Amino acid sequence: MAAAALLELRRVSVAGRGGVPRLEGVNLVIEPGERVALLGPSGAGKSTLLTVANGLLPPSSGEVLWQGEAPARSRRLRRRQQARIGTLWQDLRLIDELSVQQNLNAGRLAAWSWPRALLNLLLPLDTPANAAVLARVDLAPELLDQPVAALSGGQRQRVAIARLLRQDPTLLLADEPLASLDPRLAASLLALLLAEVTPPRALLLSLHRPDLLAGFDRVIGLRSGRLVFDAVAGDLQGAAGVARLKELYRGDTSALEETIGTDPAQTPPGR
Amino acid sequence: MSRSFGRQTPAADGPGKPFGGNTGPASGLRPAAPLLVLLPSLVLLPLLVVLPFQVHGGGLDLIGQFALAALTPSLDPLVLRSALTGLATTVGMALLGWAASLVLGVLLGLASSRTLWRNALGPIWPAELIRRLLAIPRAIHELLWGLLLLQLVGLEPVVAVVAIAIPFGALVARVVADLLDGLDTGRLDALRLAGAPAPAALLTALGPPLLPGLLSYGGYRLECALRSATLLGVFGLGGLGTDLKLTLQSLEFHELWSGLWLLFAVMLALETGLGQLRRRWLMPPRLGLGRAGVGLRGREIVLALAALVPLTFGVGWALGVDPRALLAWQSLQGLGGRGWLDGARLMALPWPALIAGTVALTLLAAALAVGLPPLQLLVSAPWPPARRLVRLSWALARLWPPPLTALLLLLVLQPGLITAALALGLHNAGILGRLLAEALADGSGAKEQALVSAGVGPRLALLYGRYPAIARPYLAYGAYRADVLLRETVVVGLVGATGLGSQLLESLSSFAWDQLLALVAVYALLTLLGEELSDRLRRRLLQRA
């Protein structure tokens, strides 16, 4: 049990339209405590890989193992497996019509009974626990009563992370959570997330731009549905690293030029 | 993209604020959106407690036979031919009544549009006056129009057509006027300032934006017309409805289901066909070629409308619909003699009880109609076959005229308010259920998916992921439906002891014309009041976040 990896993909392939596979023969192991960045140009299959990893999309071939277990066939066991996996979506998927408190409690729904879930729509439940997770994402407890629709963009991002913390999963998945954020906000949110990843938790986070790799242990490169490299973060520094990134983003220069520049001395990991 | 819900501005927390913005438990009871959708279904609790006392053992086996007969409808050629003839008559009547209501409605709608009067003639008071007057034909259900006309001109094919055309025409008129007056008049003003004459400017500026709304609503009215034509048949105005009632009363369930399944096929074909037309004509194609497509669809629409004209006349000729029959009034039995107007007889009616009964029936039926569909979806969420079964039950419920449901229920239940409310509520639950399913299909499933991926069960994922977004529009439509229900209570009047509706039918069959007039007037007043109330409720539901 202790030895089992949090997530293991074995030769995972996902068929796509027109015979072009969305994923092809991907092997990946994520151990407790690891912070893994998933890099790749748009269309590389990052989102597909994450939906396979969180169990929404069964692969066409290959195996997905969570803590050494294959997806359970019984509905109840399967839900228990899913509850240990938390996903931070790019569009956040907060429930705009509900209050912050109710949204945070939505993170506990998998564990909650029916009456409790209904009661949450009527009364403020678990206020101390919710105030605690809000504090971890630097939000004031006064926000608990606010409807989510009334929050600013940055506050919404933080509430989404807080909901994830309420769920308390062991495997954290994040699908480009930092896209379309200004650099300062992106950096502070990433710091928040990374700080929460201590064993037995692990994080797999997909990024379009390779300029925020500080703080990650491993970086995985995905291109056209295939794993191009699986490297220790330090290996991507220096000229050799930049060359690998350039190879990964070949043909998709926009992301690269903005962030890496042409001078290897300015690579972000040294920041 | 999910930010579009954020329209409702930060002021949205207004209602909750007085209880203190603090995190204390003092925030009070505040049912959130998804819970609001489920609240009306609480009516089931008292209903389930009372219901056992309403049951008389009698016809339980008959209900069983009826249900089983659904699987073995009669395939006797004679039965089928009779059912098909009846169906053709019903569809024909629906088509004619609908076409007439469209013509009537567009004309009257133009006549009651403030924008039109202001631009064409100047004063707008005639528009207001026509608008007020149109409330009266609208307030009276097509069944009442049908029964009144039946007394007046006898059993003529034209009766059903006119009975549908009058209230439907007034409804279409209101929608047309509202659409017209709701349009932005900027373009119109620009054309007028540029010197365009009023008619040309009105047609150019207001015609194109009016068309999509009108087409969509008009298509929906055709479905309603088919339901109404069936219903009128149940009360003896001809067509399949008459067959259905006769076979039900003589307990020939297999023959009953032959007609019912045929009607089902036609209704389903109509619903899907109209749905596809709606999509084809109204929704901008995602990868379309811009203007070429618009022109093509415009031509299609005009062609389709033009084809309707000869079709309508052909159907009218085939059914023997003769408008002249409307002019040949019969002498009303008992009306000629002295003392047809009897004040004492009028006052003898238990007015407060009648009105209270009508209101209670409306509220009970509305709560059932609004509350059942979301609950059914929620309960059946984990099992796809059950979900399909629920949808099938909705389709049958909205097809099956409420008075026939009432007759069926009378086999096992006592006559009275609850039986009537069940019949009316189940029928309307079928209509609201379809609406709910469509709203869910149009919405995004992303949030539901997110919850499922975190291990939340299918029911709670539906409740938390889907219901919040549709809650207010759905309830707002429910408020509108309650207003329709008030009008419809007369339809289940034959179950007895259910307020104005049953008294109306009774007065009608005993030729008490004075009572009838008074009852219709009170009914119309009540309906107008209900319309106002439901309008306010709807606006409040849509505005508040």
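Is Asp189(B) buried, exposed or partly exposed? In this predicted model, Asp189(B) is partly exposed, with a relative accessible area of 37%; that figure sits between the 20% under which a residue counts as buried and the 50% over which it counts as exposed. The residue belongs to helix H9 of chain B, which covers residues 186–193. As for reach across the chain, Asp189(B) and Leu319(B) are separated by 130 residues in sequence and by 47 Å in space, going from C-alpha to C-alpha.

For 271 residues, a compact globule would have a radius of gyration near 18 Å, and the 19 Å of chain A agrees with that. Along the principal axes, the C-alpha atoms of chain A fill a box of roughly 55 × 45 × 40 Å. Buried residues account for 53% of the 271 residues in this chain. If one takes the contacts in chain A between residues at least 6 apart in sequence, 68% of them join residues at least 24 apart. The accessible surface of chain A is about 11,500 Å², and carbon and sulfur atoms hold 52% of that.

Chain B is built from 23 helices and zero strands. Of its 545 residues, 50% count as buried. Chain B exposes about 25,500 Å², with 70% of it supplied by carbon and sulfur atoms.

One helix of chain B deserves a look of its own. Helix H17 (residues 402–410) has seven of its nine residues buried, so it is largely enclosed by the rest of the structure. The buried set consists of Pro402(B), Pro403(B), Leu404(B), Thr405(B), Ala406(B), Leu408(B) and Leu409(B). What does the cover over the buried residues of H17(B) include? Among the covering elements of chain B are helix H3 (60–69), helix H10 (198–237), helix H11 (240–249) and helix H18 (417–442).

Then there are the charged pairs. Side chains of opposite charge can pair when their charged atoms come close. Over all chains, the structure holds 33 salt bridges. In chain A, one of them joins the side chains of Arg201(A) and Glu196(A) at 3.7 Å, N to O, and both Arg201(A) and Glu196(A) are buried.

In chain B, Asp178(B) pairs with Arg131(B), the closest N and O atoms being 3.2 Å apart. This pair links distant parts of the chain, with Asp178(B) in helix H8 (residues 157–182) and Arg131(B) in helix H6 (residues 125–139), 47 residues apart. Asp178(B) itself is partly exposed, at a relative accessible area of 37%. Another salt bridge runs between Glu448(B) and Arg466(B), where the closest N and O atoms are 2.9 Å apart. Here too distant parts of the chain are linked: Glu448(B) is in helix H19 (residues 446–453), while Arg466(B) is in the loop between helix H20 (458–465) and helix H21 (467–488), 18 residues away. Arg466(B) counts as buried because its relative accessibility is 15%, under the 20% limit. Finally, salt bridges that share partners tie a set of chain B residues into one network, including Arg131(B), Asp178(B), Arg174(B), Asp483(B) and Glu531(B).

Technical notes
Residues numbered from 1 in each chain as written. Chains lettered and ligands numbered in written order. Predicted model: local features only at pLDDT ≥ 70, side-chain atom pairs only at ≥ 80, totals over all residues. Heavy atoms only, no water. Salt bridge = Lys/Arg side-chain N within 4 Å of Asp/Glu carboxyl O. Buried < 20%, exposed > 50% of the residue type's maximum accessible area, 1.4 Å probe, protein only. Helix = DSSP H or I, 4+ residues; strand = E, 2+ residues; numbered from the N terminus. Contact = heavy atoms within 4.5 Å. Rg over C-alpha atoms; globule rule 2.2 N^0.38 Å. Areas by Shrake-Rupley, 256 points an atom, 1.4 Å probe, with all protein chains shown as cover.
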